[in-house]
Amino acid sequence: MSQSAYYLGIDVGTGSVRAGLVKHDGTLVASHTEETITWRDPEDHRIFEQSTNNIWEGMCKSIKACLQEAKVDPSEVKGIGFDATCSLAVSDANGEPVVVTKGEQLGQNGDRNIILWADHRAEKEAELINSTGSVVLDYVGGTMSLEMEIPKTLWLKRHMKPELFKRCQFFDLPDFLTYRATGFNRRSCCSVACKCSYVPIKGGWQPEFFQKIGLGEFVENEFEQLGREEVLTAGMPVGNGLSKKAAEETGLLEGTPVGSGVIDAYAGWLGTVAARYKVKGKLSDEVPSVDESRHRLAAVAGTSTCHIVQSPEGVFVNGVWGPYKDVVFPGWWMNEGGQSSTGQLIDFMITTHPAYPRLKELAEKQKKNIHEVLQAELEKLRVEEKVDNLTELTKDLHFYPDLHGNRSPLADPRMRGSIVGLALDSTLGDLARKANVTLEAIALQTRHIVDQMNAKGHSIRSIYMSGGQAKNAMLMQLFANTCNMPVVLPQSSGAAVVLGAAMLGRFAAEAQKKHLGRDERGQALWEIMVEMTPPGDMVEPAASPKEKKLLEAKYKIFLEAIDLQRRWRKEMEEAAR
């Protein structure tokens with residue numbers, strides 16, 4: 001292989017688009033990020049909207065910046081891969097964006113054409129879908145989330161003029177990007193199976209389901225609006241590569257291979273789970289096999305967190321999405337747990353506290369970030385109160401974290417947050433304690449998800465992190481202690497997802513040359529993952545016997561908080577009748 005082979009990974013996150021230029025061995029040689037616009041509705045907190053034009057423009061700028069920074073000629077870029085959030089992108093038959101905002105412009109051509117994953121407008125539609133008892137529900141943990149694409153599409157059907165709805169195409173965002181890049185409308189198994197009610201094991205689209213929920217026109221037009229062609233597993237080449245138009249816009253060569261995309265969390269899985277790991281600086285001898293992947297949970301932790309694990313057989317877990325067959329490796333199954341708000345929750349709990357201005361002032365004065373200041377404050381309090389650990393420091397403060405509903409393992413969007421143990425205290429010390437129990441609650445909920453997965457048949461033995469939260473050393477140790485399993489941190493917390501996307505670009509380039517058979521694809525992709533993933537650092541469980549007991553008691557209280565909230569909700573509903 002020539003030394004001048006590079007691959008581009010494009011990662012479209014919740015608030016930005018990033019391009020990463022990666023060498024054949026996985027070395028990230030250049031990276032550039034552009035912020036993206038999210039529109040909110042001041043009168044409806046459920047609404048989050050974006051624009052494919054805005055994302056594409058940021059992507060093109062990022063690609064050009066990478067090539068310039070690395071002084072790489074476009075001819076040296078051998079493949080490109082995409083990942084993106086699982087958001088609903090809507091276009092007309094020509095690929096032009098269609099407005100998704102309620103009101104007069106809905107269904108007309110215009111920029112605001114993405115209903116973001118976090119948008120919760122489709123609650124009624126999700127309730128209708130969940131009342132059908134359809135086989136589709138068996139493959140999303142028994143309950144469809146209002147964050148998935150079909151509830152949102154149904155919301156559009158109910159609010160858009162029929163003649164405008166009829167002309168729309170509906171995409172999970174990664175599929176829109178490969179369509180925009182190539183001009184070929186080929187959907188990925190990852191997007192359609194995980195987010196669009198396509199069931200590979202049952203022959204794909206389920207006509208009876210769509211008719212039952214009021215989307216019978218999709219059946220009549222042979223699912224043209226959702227994707228009629230054969231779906232592709234991760235990284236398979238799309239069409240003839242980059243179109244002439246996309247090549248001109250990105251500064252790349254026409255025909256550059258484009259790999260079938262994945263949802264961003266699955267790119268995090270690709271970019272982490274094949275890593276070897278270092279324990280106290282020493283690299284382990286083990287080179288992981290594809291079979292080892294079933295023991296490694298990928299936790300992709302940014303604004304929200306996704307928990308992804310692969311298995312050779314389908315494992316059905318209530319409240320955990322999947323099992324999805326063929327979404328990354330042909331013949332393998334994947335499950336996806338999730339927390340709708342984690343990084344976002346940490347920010348919310350800190351920035352809404354009365355002592356936040358004081359925290360910012362101290363951070364500026366000490367030239368530290370706010371998390372370092374909070375950690376120092378917690379350590380000071382621990383010493384003052386003569387306790388052994390932070391769990392003991394906040395033993396009488398209990399936080400339940402579902403301020404934005406529960407994705408897994410309860411699949412209950414009506415769950416809300418609660419806090420027990422409040423004091424008449426608005427000091428920095430109180431903020432530090434609340435920040436600590438926020439991290440603790442996220443770790444306890446991670447254990448809840450892992451426990452449910454393992455109870456139903458998974459065999460998770462370690463957690464492989466990526467995303468911004470992997471930089472939070474305190475949280476990572478809490479994960480290891482609370483879940484009682486090692487946590488492996490990527491070499492670069494921010495690079496793992498974009499690296500996973502770049503792997504798809506390399507796979508597309510190689511698959512195009514080799515004409516791999518279906519059974520060979522998984523092994524070929526795994527070998528690319530092993531070769532391109534840098535070693536991670538292992539954080540081992542380190543709780544003392546006393547802290548273990550405290551964490552166990554906290555977990556019991558965490559589970560009780562769920563039962564209590566549901567009982568109270570039921571009592572109030574009955575009283576309100």
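Buried means under 20% relative accessible area, exposed means over 50%, and partly exposed covers the range in between (1.4 Å probe, protein chains only). Keep that scale handy for this tour.

The model is predicted, with local features needing pLDDT of at least 70 and side-chain atom pairs counting only at pLDDT 80 or more, while totals for chains, interfaces and linings use all residues. Residues are numbered from 1 along each chain as its sequence is written, and side-chain values use heavy atoms, leaving out hydrogens and water.

**Stop 1: salt bridges**

Select Glu392 to begin: it is buried, with a relative accessible area of 14%. Lys546 lies in helix α20 (residues 545–575) and Glu392 in helix α15 (residues 390–393), so the pair ties together parts that are 154 residues apart in sequence. Helices here are DSSP runs of H or I with at least four residues, strands are E runs of at least two, and both are numbered from the N terminus.

Next, pick Arg158 and Glu125, joined by a salt bridge of 3.2 Å, N to O. This pair links distant parts of the chain, 33 residues apart: Arg158 is in helix α4 (residues 149–159) and Glu125 in helix α2 (residues 123–130). Is Glu125 buried or exposed? Glu125 is buried, at 4%, whereas Arg158 counts as partly exposed at 45%. The structure holds 36 salt bridges.

**Stop 2: a five-stranded sheet**

Show the open sheet with strand order β3-β2-β1-β6-β10 and mixed pairing. Its edge strands, each pairing on one side only, are β3 (28–35) and β10 (258–263). Two strands pair if DSSP finds at least two bridges between them. Zoom in on β1 (residues 6–12) and β2 (residues 16–23), which run antiparallel and are joined by seven bridges. Select Tyr7 there, and you will find Val22 as its bridge partner in β2.

Now bring in helix α1 (residues 52–70), which lies across β1, β2, β3 and β6 (77–84) and runs at about 150° to β3. Such angles run from 0 to 180 degrees between N-to-C directions, with axes being lines fitted to C-alpha atoms, for helices over the stretch in contact; contact means heavy atoms within 4.5 Å.

**Stop 3: aromatic rings**

Select Phe210 and Phe223, whose ring centres are 5.3 Å apart with planes at 70°, so the pair is edge-to-face. Rings of Phe, Tyr and Trp (its six-membered ring) pair if their centres lie within 6.5 Å; planes under 30 degrees apart count as stacked, over 60 as edge-to-face and the rest as tilted. Phe210 counts as buried at 0%, and Phe223 does too at 8%.

**Stop 4: charges over rings**

Finish with Arg40, whose charged end sits over the ring of Phe48, 3.7 Å from the ring centre. Then select Arg121, with its charged end over the ring of Trp155 at 4.6 Å from the centre. The rule requires NZ of Lys or CZ of Arg within 6 Å of the ring centre and within 35 degrees of the ring normal.

Note on methods:
Salt bridge = Lys/Arg side-chain N within 4 Å of Asp/Glu carboxyl O.
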